[in-house]
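Let's take a walk through this fold, from its aromatic contacts to its charged ones. Have the viewer open and follow along.

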Amino acid sequence: MNKDMAKSYLMVIAAMLIWGSSGVLRRNIPVSSEFLAFIRGILGGLFMLTIILYNKNTGLSKIPAKVVGTLLVTGAMYGLNWIFFFEAINYTTVPVATLCYYMQPTIVILLSPLLLKERLTVKKIIVVILTATGMVLISGITENSSLGENQLKGILFGLSAGFLYALNAILNKRISQIDTYHKTFIQLIGATIIMLPYPLLTNDFFPTEINIHIGLLIFILGTVYTGVAFALYFASMKKLSASSVAICSYIDPISALFLSALLLGETLTITGIAGAILIIGTALISEIK
């Protein structure tokens with residue numbers, strides 16, 4: 001392995017570790033999910049614009065209007081995706097919310113026959129069955145007669161975030177030959193725009209009081225967890241294959257499980273651990289192929 005490739009692996013691993021700790025960070029920011037997603041879009045977009053200007057790569061005007069429209073739509077999905085994931089953490093534990101979110105490879109498999117005209121093979125069906133079984137195990141329904149209201153809400157929010165991420169991934173496959181930084185910048189604009197109606201529709205959109213500590217955490221989420229992490233992720237893709245990046249992406253949920261247990265004391269039961277192994281293991285094996 002040469003130095004450039006080793007550097008690229010370090011970049012993608014750093015990005016995944018940053019994203020893997022986002023649930024823990026969210027727990028320490030007492031503001032609405034809508035406000036947090038709104039600020040994240042603004043700060044992340046400004047960071048990405050800085051990179052574009054620094055590299056003197058200002059070809060935004062050359063992107064076709066139709067492609068810009070598609071990117072804004074996928075960006076809006078990012079914004080809603082963040083809201084659903086942040087809300088999932090509000091209602092359930094970080095491990096459960098994260099694993100629900102990482103059902104997205106299975107959701108892609110289910111959506112691909114409809115949107116990409118791909119055949120649903122026996123192997124894909126087995127992947128769906130195994131990950132669905134894992135989902136049932138981590139939900140806790142096998143250990144209780146019924147799910148609590150908050151747990152159910154958390155699971156539904158987490159799955160909704162995963163659904164939007166999966167749909168976003170499918171739509172992004174149709175967008176090619178565009179600089180990744182330009183692409184991400186436009187998507188972050190879309191993520192911000194989708195939040196604009198919230199101040200008009202809700203009375204508690206803006207937090208009534210933000211101290212220096214909370215303000216700093218929000219700033220870190222918008223710059224480090226969005227701008228820096230996206231920049232590291234895309235920079236790594238210049239030297240690594242798509243499959244290598246995809247495999248490394250599973251560092252995100254695995255690190256989230258460890259960090260939430262270490263810092264928040266949120267651990268899965270034995271049944272939940274079995275479910276996590278099914279979800280992450282099955283998806284990882286399919287990526288390795």
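**Rings, helices and charges**

Start with Trp 19, which is buried at a relative accessible area of 16% (buried is under 20%, exposed over 50%, partly exposed in between, with a 1.4 Å probe and protein chains only). Before going on, a word on the ground rules: this is a predicted model, where local features need pLDDT of at least 70 and side-chain atom pairs count only at pLDDT 80 or more, while totals for chains, interfaces and linings use all residues. Numbering runs from 1 along each chain as its sequence is written, and side-chain values use heavy atoms, with hydrogens and water left out.

Now for the rings. Phe, Tyr and Trp rings (the six-membered one for Trp) pair if their centres lie within 6.5 Å; planes under 30 degrees apart are stacked, over 60 edge-to-face, and the rest tilted. That rule gives 13 aromatic pairs. In one of them, Trp 19 and Tyr 233 have ring centres 5.6 Å apart and planes at 55 degrees, so the pair is tilted. Trp 19 belongs to helix α1 (residues 3–20) and Tyr 233 to helix α11 (residues 212–236), so this contact ties together parts 214 residues apart in sequence. Helices here are DSSP runs of H or I with at least four residues, numbered from the N terminus. Ring pairs also bring Trp 19 and Tyr 233 into a cluster with Tyr 78, Trp 82, Phe 230 and Phe 234. Look at Trp 82 too: Arg 40 lies over its face, 4.5 Å from the ring centre (the rule wants NZ of Lys or CZ of Arg within 6 Å of the centre and within 35 degrees of the ring normal).

On to the charged pairs. A salt bridge needs a Lys or Arg side-chain nitrogen within 4 Å of a carboxyl oxygen of Asp or Glu, and the count comes to two. Glu 266 and Arg 27 form one of them, at 2.1 Å from N to O. Glu 266 sits in the loop between α13 (251–264) and α14 (270–288) and Arg 27 in helix α2, so the bridge ties together parts 239 residues apart in sequence. Glu 266 is buried at 12% relative accessibility, whereas Arg 27 is partly exposed at 33%.

Glu 149 and Lys 153 also meet in a salt bridge, at 3.5 Å from N to O. Both lie in helix α8 (residues 149–172), four residues apart, or about one turn. Glu 149 is exposed at 59%, and Lys 153 is partly exposed at 32%.

Technical notes
Helices (H or I, at least four residues) and strands (E, at least two) are DSSP runs, numbered from the N terminus.
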